[in-house]
Amino acid sequence: IDHDEPISKLVERLEREHRELDPKLTHVLELSESGNLRVAESTLLSLSQEILRHAVEEEARIIRVIADNSKDDLERSAEVMRHHRRIEEFLQEKLPHLSELPPNKAKQEIKDFIFELRKHHKEEEEISFPIALRISK
C-alpha cells in the first residue's frame, strides 16, 4: 500500500479497478448461467486476491483519511466499508466449498455475490470516495 499516493490519484485508480473488474464479473456470471460452474468458481477464485487487496487498500487509505479528518462522515463511510467483511467471507469461506452445493444453489451464491459486490462498488463511488476527496483537498 502506497501511503504517499495522493487521495485523488488513489480514488481515480480504485474507480478504474472497479471498471476493469466489472467485465470479469460478467464473464463469471455468464459461465455460471451456462452451467460451467467449475470454471466460474475457478475464475472467481483467481480474482479473489485482486478483490481482497483492493478492499484492504480502501480500508487502509480511504477510511483512515475520513477518520482522521471528518468524524461526522465516518459512520456513513464505515458502514459502506463493513461490506468488505461479507466479501471476504464469501471469497475465503464460501467460494472454496461451492462445488459441494447443488448446482442451482451454487449458481445463486455466485449471482448474489456479484450483485452485492457491484452494489458495494457503487456505494463506495457515491459515498466514501467523494467524502475522502472532499476532505483531502
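Visitor: At what angle do helix 2 and helix 4 pack, and how far apart are their axes?

Guide: In this predicted model, helix 2, which covers residues 37-69, packs against helix 4, residues 103-135, at an angle of about 25°, and their axes are 11 Å apart. Because angles under 35 degrees count as roughly parallel, helix 2 is roughly parallel to helix 4. Their crossing is left-handed, and the contact of helix 2 with helix 4 has 16 nonpolar, 3 polar and 4 charged residues.

Visitor: How do helix 1 and helix 2 pack?

Guide: For helix 1 and helix 2 the angle is about 160°, with the axes 10 Å apart. Since angles over 145 degrees count as roughly antiparallel, helix 1 is described as roughly antiparallel to helix 2. The crossing of helix 1 and helix 2 is again left-handed, while the residues of their contact divide into 16 nonpolar, 5 polar and 8 charged.

Visitor: At what angle do the axes of helix 2 and helix 3 cross?

Guide: The axes of helix 2 and helix 3 cross at roughly 165° and come within 10 Å, which makes helix 2 roughly antiparallel to helix 3. Helix 2 passes helix 3 in a left-handed crossing, and by class the contact of helix 2 with helix 3 has 14 nonpolar, 5 polar and 7 charged residues.

Visitor: How many helices and strands does the protein have?

Guide: The secondary structure comes to 4 helices and 0 strands, so that from the N terminus on the elements run α-α-α-α. Taken along the principal axes, the C-alpha atoms fill a box of roughly 50 × 25 × 20 Å, and buried residues make up 45% of the 137 residues in the protein.

Visitor: How does one find the empty space left among the atoms?

Guide: The general idea is that rolling a probe the size of a water molecule over the atoms shows where empty space is left. In this structure there is 1 cavity of 30 Å³ or more, and about 90 Å³ of space lies in the largest cavity. Of the 13 residues that line the largest cavity, those closest to its centre are His18, Leu21, Ile51, His54 and His121.

Visitor: Which helices supply the lining of the largest cavity, and what is the class of its residues?

Guide: Helix 1 (7-33), helix 2, helix 3 (71-94) and helix 4 each supply at least two residues of that lining, with the largest share, 5 residues, coming from helix 2. By class, the lining of the largest cavity divides into 5 nonpolar, 5 polar and 3 charged residues.

Visitor: What is the volume of the largest pocket, and which residues lie nearest its centre?

Guide: The largest pocket has a volume of about 250 Å³ and is lined by 14 residues, of which Arg86, Ile87, Phe90, Phe113 and Glu116 lie nearest its centre. The elements that give two or more residues to this lining are helix 3 and helix 4, and the largest share, 8 residues, comes from helix 4.

Visitor: How do the residues of the lining of the largest pocket divide by class?

Guide: The residues that line the largest pocket divide into 4 nonpolar, 2 polar and 8 charged, to be read beside the 5 nonpolar, 5 polar and 3 charged residues in the lining of the largest cavity.

Technical notes:
Residues are numbered from 1 along each chain as its sequence is written. This is a predicted model: local features need pLDDT of at least 70, side-chain atom pairs count only at pLDDT 80 or more; totals for chains, interfaces and linings use all residues. Side-chain values use heavy atoms; hydrogens and water are left out. Axes are lines fitted to C-alpha atoms, for helices over the stretch in contact, and angles run from 0 to 180 degrees between N-to-C directions. Angles under 35 degrees count as roughly parallel, over 145 as roughly antiparallel, 65 to 115 as roughly perpendicular and the rest as oblique. A crossing is left-handed if the near helix is turned anticlockwise from the far one by less than a right angle, and right-handed if clockwise. Ala, Val, Leu, Ile, Met, Phe, Trp, Tyr, Cys and Pro count as nonpolar, Asp, Glu, Lys and Arg as charged, and the others, Gly among them, as polar. On a 1 Å grid over the protein atoms alone, a cavity is a set of points where a 1.4 Å probe fits but cannot get out, and a pocket is an open set with protein on both sides within 12 Å along at least five of seven lines; lining residues have an atom within 4 Å of a point. Grid points are joined across faces, edges and corners, and a volume is the space filled by probe spheres set on the points. Buried means under 20% relative accessible area, exposed over 50%, partly exposed in between (1.4 Å probe, protein chains only).
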